[in-house]
Every structure is written in structure tokens, then in C-alpha cells.
Amino acid sequence: MGHYIFSDEHEQLRKSVRRFVERELAPYADQWEAAGGFPDEVFRKLGAQGFLGLRYPEEYGGQGGDYYTAIVLAEELVGAKAGGVGTAVEVHTEMATPPILKFGTDDQKQRFLVPAIKGEKISALAITEPEAGSDVAAIRTMAVRDGDEYVLNGSKRFITNGCRADFAVVVTRTAKEEHWAGLTLFIVEKGTPGFTVAKKLEKVGLHSSDTAELVFEDCHVPAANLLGQENQGFYHIMWELQGERLIGAAGAVAAGQRALDLAIEYGTQRRQFGRSVAKFQANRHRLAEHATALEAARQMVYATAWRVQNGEYPVKEISMAKVFSTRVAFEAADFALQLHGGSGYMMESEIQRLWRDTRASRIAAGTDEIMLEVIAKELGL
Amino acid sequence: MKVAVLVKHVPDTETRIQVKPGDKKINEEGVTYIISPFDEFAMEEALLLRERLGDVQITAVALGPQKATEALRTCLALGADDAILVSDPAFEGADAYVTAKALAAALKGGNYDLILAGKQAVDDDAAYVGTAVAEFLDLPVINLVTKLEVNKAAGTAVAARDLDGYSQVIEVKLPAVFTAQKGLNNPRLPALMGIMKAKKKEIRTLNAQALGLAPNELGAEGAKVEVKEMFVPSKARKNKVLTGAPAETAPELVKLLAEEAKVL
């Protein structure tokens, strides 16, 4: 029996996504990891199946589903056996495009959201800068009004899909004050003069997703590409981050579960000292602990998703779900690798990739420390 | 136009089949079911026909226990307009002959221009039902179709078949039965919107009485063949290890690959 937040239709969707993942993604995982990316064609295939617009309105080519459909997609993408694939897709569906739906003009929705849902345009979200990571309000990329345009100058770092994105939602500073009051979002299209990919960055994990450093040098962006309200960008992005964090938590639980499943499978088969290594009490209990922690994380994600589905936006609980889920997922992956011994440390094992990939989730979308800061603040501390 | 698609609910090809000793059917415990992959080609072709021709009414038809509605539900999610489940406890022990007879009875009077089916079901691999349905309905059948074009105005269809070493192109007057072979198309998966819409579509259940079939035509009694025994063959590993100097074992290995494994 499935969880109560999921209906029979969600389970059918899950089956559909799973088959897609088994057929179109998982067989190519090793190839894409080695190549450091996957073909754009994959986005078009996902789009053709409606998977890039599950919870988007039908009028923009979406499937009109509820929030839980996004959870289903995040969980099932773990089956791709390369965390970078899910990362790239989630950045597209749950980070770069939600602000366009929420704050965009109809013209922006037609130009960017509609093709993004079809998978014809790939998107990125550019927040982080060399000098502004966790401290979002320190953003320095300037956008200065010049007639019908804004001129952007600055750089962005660690941008998923950055190398190939057809457009990026970029957080800039439009008012000089060094804090949150002067930030503005722009949609910057690939090919805009002055907008370049400075570098493709090499990462510890998530090799199937490309990560870029972007540079804006006297980059003229039409005022029509200003997303949301001028100088309200900080609030827009804080709104966006909640969704990103909860989806990240859902994906992390699924990845942790996959690691645990691998550990149980390997531990049951692997025999040392005359018995399966999973049968040693030290290992059995650890496996039971990780299974329990993952179950708690899953319930936390689902309970929070229920609140989101019902119109709330509980910052405290989303932050709790994010920090807890990503931690227990990495801990499960770490123990799973340990249980695999030398085999787990070999690059040909699936667990080593999960271990590298889940590590990223404790940093991306807000570090453990930032999540704890948010929670502490919500507690009035 | 009206198109009927015959689908079978079969164990997932990834499932490890188990048979309890003495049983003549598989142990269904823990088995997940899918639409037989060749039937998916048939279903996809019906959807493509509708995309090409416009006004095409698609009915998915399955014979099986109540849980076979899952397969029909998937067809409805893919875009079938309605569905028929042929189901009756009396079908227990039916062979392909009985299945075809019952399906033909369900299709009779439906005025279908095309009846599409997979070339065979991947569980029992009888490759019988599509052809036998055509026989019971006195319709032409073209098997192993890899291309299908329908001329609505002329009331004809042209089908291509890839056979061993050659291909055929066959024209047939509709109505007719076609069985789908791999290569016909690339089946899509149900989209969320289709899944939601399928909730409101009807699945009619027809039992033996509704089909006008007598008890002695059904199940094991009506079957033309009888399963005598069913078992999972034990897979004895027949490894051969060659020992000795590489200079001696290499020619021996080549010989074995050529003569025993027949891979060279």
C-alpha cells in the first residue's frame, strides 16, 4: 500500500515515469557520467511525455497535476542511476521555471515557460556568485537601467545546466544598498551579447549534470525580461528556494533509500567468516537505524508536501525536511559504501556514485548550516 | 472508424517466475503485471491511426481476471475511448482457443474496421489469439505487421511484414485483423493528463452469459489443449574451464566457441 498522500493516479504516474527512466535514462548512466553530461534530446523526450510540466497548468502545456506529482518525479529520477540527471531535470522544472509561472508576465510565460515544459528550451537558475553563496543578499551582479534595457555586469558560479541553458533566470542587484532590498530577477537568453559561459566546472559528483561559471559583461537585457518586480528579487528567490529545498529533500530520501537497498542486497549476498555480512549484529542494527531514519525523513517530506499542496508554505518544516533528509540520505549512502568494502570504493560500483552524489545535497539549495540558521530564526532564536 | 485493440495483462518480463510443485499455473504472489509488449505496439498503432486519420474510436479489450482492468486502465490513460473486460471465473483454465472464441464473441457486432493485437503474448507465447479471433469473425488477418497504412475512403489497408530474408507488402479490404511485430512503432507511456482522464472512462465487463457462451465452451472444458505439467527448469550451470598453457587452450577455446557455443 502506498502512502496516503498518493492516489491511484499518482501510482500510475509513478509507473509511467519509472518505465521511462528504465528505458531512456538508466541504460546510459555510465556513458553520461563519463561524458560529463547527457544529450538535450532527453529534455525533449521528457517534455513529450509531459514530465516537465506535471504540476503546471494546461494553458501552458502542463499536465495540471498537483504538487505530489513533482515529488513522484523527483523520487523516480533516482532510478536513472546518475544523480546528475535528476539534478539537471529538477533545476529545470523546480527551480528555474516556477518563478516564471509565479511572477512572469503572460509574454514571458509564452516565450519561456511553454517551450521549457515541452523540453525545447532548457533552463538554469543563477543565484550563487564567487562572493555570495549562502549570503544571498551579498549579490553583486549589477543590472543598470538603460532605456528599454538593463545592462548586466558580474559573474555567477556553480550554475547547473549553465553550459547549455537556452535561458537563465539571473538574480541581480538593481539598487546599490548592500542588502536584500535591491535585488531583481532577469531572464537572460543564450546568445545575448555579453553573456558567456566562462567555464565548465568539474565536480566531485553529479557528473551527468553540467555546472558552469557564467559571466555578464555589458550584457544588454530587454526590460521585458525583468521577472517579477524590480527590487523584490530577494523575496521572489526566497519563495523559489522553499520549493527547491522540499523537492531536493524528496530526491535525497529516494537516493538514500536506493543506497540502503544496495547495502541490503550486497550485505545479504556477501559472505565473510561463514555468513552474510548483513547478519552481523553490528551491521544489521546499523541498517535498521538507517532504514528508520530514512522512513522518518520520508514522512517528514510527505507531511510537508501535504501542507504545500494545501496552500501553506511552511518555511520551518521545509528547512527541517531539507537538512534532515539530505543528512540521513548521505549517512545511509556512507554506511552502504562501508558495507560494500573495497567493492564499494571501486568506480564501477553504483554505491560510490550515490555516495558522491548524495554528498552534494547537503550543500546545494542551502547548506546544512543555513537550514539550521533558518530553523533557529523560526524558533525565535 | 472503429478500432479494437486486444491487450493481455502478463507478468512483468523482469519477474522471476515461480511455480508451486504440482500447479499448472504460475505462482502469482508478488508478481507485477504489465501489458504484453507486443500489445503495446498494437495500442500505439491505434493512437497513431487516430492522429493521422482524425475520427478514430479506440476500444481496448482484454480477457482476464478483475485485475486485468489495470491493463485496460493503462490503455484508457494512453487514449483509448472505452474498454471491455471479458471476465468470468468460468474461464479458469482457458487455452488460447477459448480465449480467442470469447474475445471474438465480445467483438462481434462492434463493427470494428480494424482489430489490432500483438503478434503473441509474452507469457505463454502461443501466437494464436489474433489469428483465431480473425477466424471466428471470418475476417482476413495479417500477422507480424511492421508498417500499417489505412485508406479510409477506399476502406482498405496496406501492411508491411518483415520475414526471414524478405519483406511483403499486403493490401487488404477492411475490416481485418492485424498482429503487431516489434518495429511497428515506438510506444508512448501514459501521461498524467491521460491518467486523470481515464478515471472518467468506462470499462464494461462482459461475462460468459453476456457473451452467449455455453459452460462447456469455457475454461478447461472448452480448451483444445491441456497443460500436463508446469515447472521452472533447473538451470544447471554448464561451465567449462580450460586449463593449461595459453598456446594450447586458445585454439581449444576457439573450437568450442565455434562448435559448441556457435557464436563464431
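Residues are numbered from 1 along each chain as its sequence is written, chains are lettered from A and ligands numbered from 1 in the order in which they are written, and side-chain values use heavy atoms, with hydrogens and water left out. Since the model is predicted, local features need pLDDT of at least 70 and side-chain atom pairs count only at pLDDT 80 or more, while totals for chains, interfaces and linings use all residues.

Let's start where the chains meet. Chain B brings 14 residues to the contact and chain A brings 15 residues, with contact meaning heavy atoms within 4.5 Å. About 1,400 Å² is buried between them, and carbon and sulfur atoms give 55% of that; buried area here is the accessible area (1.4 Å probe) that two parts lose on being put together, summed over both. On the chain B side, look at B:Leu189, B:Leu192 and B:Met193: they supply 48% of the area that chain B buries against chain A, more than any other three residues.

The rule finds two salt bridges across it, a salt bridge being a side-chain nitrogen of Lys or Arg within 4 Å of a carboxyl oxygen of Asp or Glu. B:Glu40 and A:Arg19 meet in a salt bridge through their side chains, at 2.5 Å from N to O.

As for which pieces of chain B do the touching, α2 (69-78) and α5 (192-198) each supply at least two residues of the side facing chain A. The largest share, four residues, comes from α5(B). Helices (H or I, at least four residues) and strands (E, at least two) are DSSP runs, numbered from the N terminus.

Now for chain A by itself. It is divided into domain 1 (8-122), domain 2 (124-232) and domain 3 (235-378), with bounds from an automatic or database domain assignment. The C-alpha centres of domain 2 and domain 3 of chain A lie 30 Å apart. Between these two domains about 1,100 Å² is buried, 69% of it from carbon and sulfur atoms. In domain 2, A:Ser134, A:Leu206 and A:Gln232 lose the most area to domain 3, together 39% of what that side buries. The salt bridge count between the two domains is zero, but five residue pairs, both at pLDDT 80 or more, are in polar contact.

The side chains of A:Asp30 and A:Arg353 form a salt bridge at 2.8 Å, N to O. A:Asp30 sits in helix α2 (residues 29-35) and A:Arg353 in helix α12 (residues 350-360) of chain A, so the pair ties together parts that are 323 residues apart in sequence.

Most residues other than glycine have a negative phi, and most peptide bonds are trans. A:Asn161 has a positive phi of about 70 degrees although it is not a glycine, and it lies in the loop between β3 (149-160) and β4 (167-173) of chain A. The peptide bond from B:Leu174 to B:Pro175 is cis, with omega near 5 degrees, and B:Pro175 lies in the loop between β9 (167-173) and β10 (176-180) of chain B.

Notes
Polar contact = N/O pair within 3.5 Å; in protein donor to acceptor, adjacent residues only side chain to side chain.
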